[in-house]
Amino acid sequence: PASTGPLLEVRGATKRFGGLTAVDGADLTVERGSITALIGPNGSGKTTLFNLITGTMAADAGTITFDGKRIEKLPPWSRGHLGLGRTFQVTRLFKDMTVLQNVVAPQPDGKLRTMLADAVSGSEAARARELLDIVGLGSFEQQKAGALSYGQQKLVELAQVLMLEPQLILLDEPAGGVNPSLLGRLTEVIRELNRSGITFLIVEHNIPLVLDLCDPVHVFARGACIASGPPGQIRNDPVVLDAYLGD
Ligand code: ADP
């Protein structure tokens, strides 16, 4: 690694929408090698914070340091180039393209390929197949993405992000809308990728899943972090229970 500090460090991040301060001086640290969770009530600013970290939205204030480099002024594709990957709450696959074509679609500059048949090299296709095997979808590579279940599409999106060899992957509600029978596979895939060296920051509403998979857990309320700790501590924290029940 280029630096020995935390992989991601957000300090004082602020984002306003008109009169609403969605993210209000938020601090967040993600240690190398962790599966870190970000939980909190609806509207507490979690997705907006993700957008500030990936550069989809510009922050009004604050600093974001990734792998020792300040990134808050860089465009999203440039952050991706440094090793920051993300998936979205709602999948963004091309439903009429095959699973394999979808996995090779993103390019390092953040643009998507349009002329797939010509553009994909043999080694890229081989890498994409390897990743589809890792997420358990090797036998689906020639299917149209739109024919897969929603949970399977989320796994395709994960393979797509992995093509860019990220150090950190931000997952926005990975379990949302996923069939319970696929949830076990999803958590196993995340654990396996984590063991292979990838750090995760996960926004997720399925609290039992978060408490099982993630450590530490950061709790957001009204645009800032109100509690952080290992899952066993967060589970019993009265401040956390109050933030969830009080809204
Ligand atoms: P969470 O992900 O925790 O549910 P969000 O980050 O989506 O929270 O939203 C935080 C607040 O910011 C909410 O009040 C939401 O309505 C508002 N918000 C989010 N995105 C926008 C936007 N593009 N324009 C205006 N308000 C927004």
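Predicted model: local features only at pLDDT ≥ 70, side-chain atom pairs only at ≥ 80, totals over all residues.
Local features need pLDDT of at least 70, side-chain atom pairs count only at pLDDT 80 or more, and totals for chains, interfaces and linings use all residues. Residues are numbered from 1 along each chain as its sequence is written.

The domain assignment, which is automatic or from a database, gives domain 1 (1–83 + 167–180 + 195–247) and domain 2 (91–165). Their C-alpha centres lie 26 Å apart. Nine residues from domain 1 and nine residues from domain 2 form the contact, where contact requires C-beta atoms, placed from the backbone, within 7 Å. On the side of domain 1 that touches domain 2, helix H2 (residues 76–82) gives the most, with four residues; helices are DSSP runs of H or I with at least four residues, and strands are E runs of at least two, both numbered from the N terminus. That side has five nonpolar, four polar and no charged residues. Here Ala, Val, Leu, Ile, Met, Phe, Trp, Tyr, Cys and Pro count as nonpolar, Asp, Glu, Lys and Arg as charged, and the others, Gly among them, as polar.

The largest nonpolar core has 68 residues. Such a core is a set of buried Ala, Val, Leu, Ile, Met, Phe, Trp, Tyr and Cys residues joined through C-beta atoms within 7 Å, buried meaning 20 or more other C-beta atoms within 10 Å of the residue's own. Val-219 is among the residues with the most contacts inside the core. Beyond four places in sequence, Val-219 is in contact with residues including Ile-39, Gly-40 and Ile-234.

Definitions and conventions:
Contact = placed C-beta atoms within 7 Å. Buried ≥ 20, exposed ≤ 12 C-beta atoms within 10 Å, placed from the backbone.
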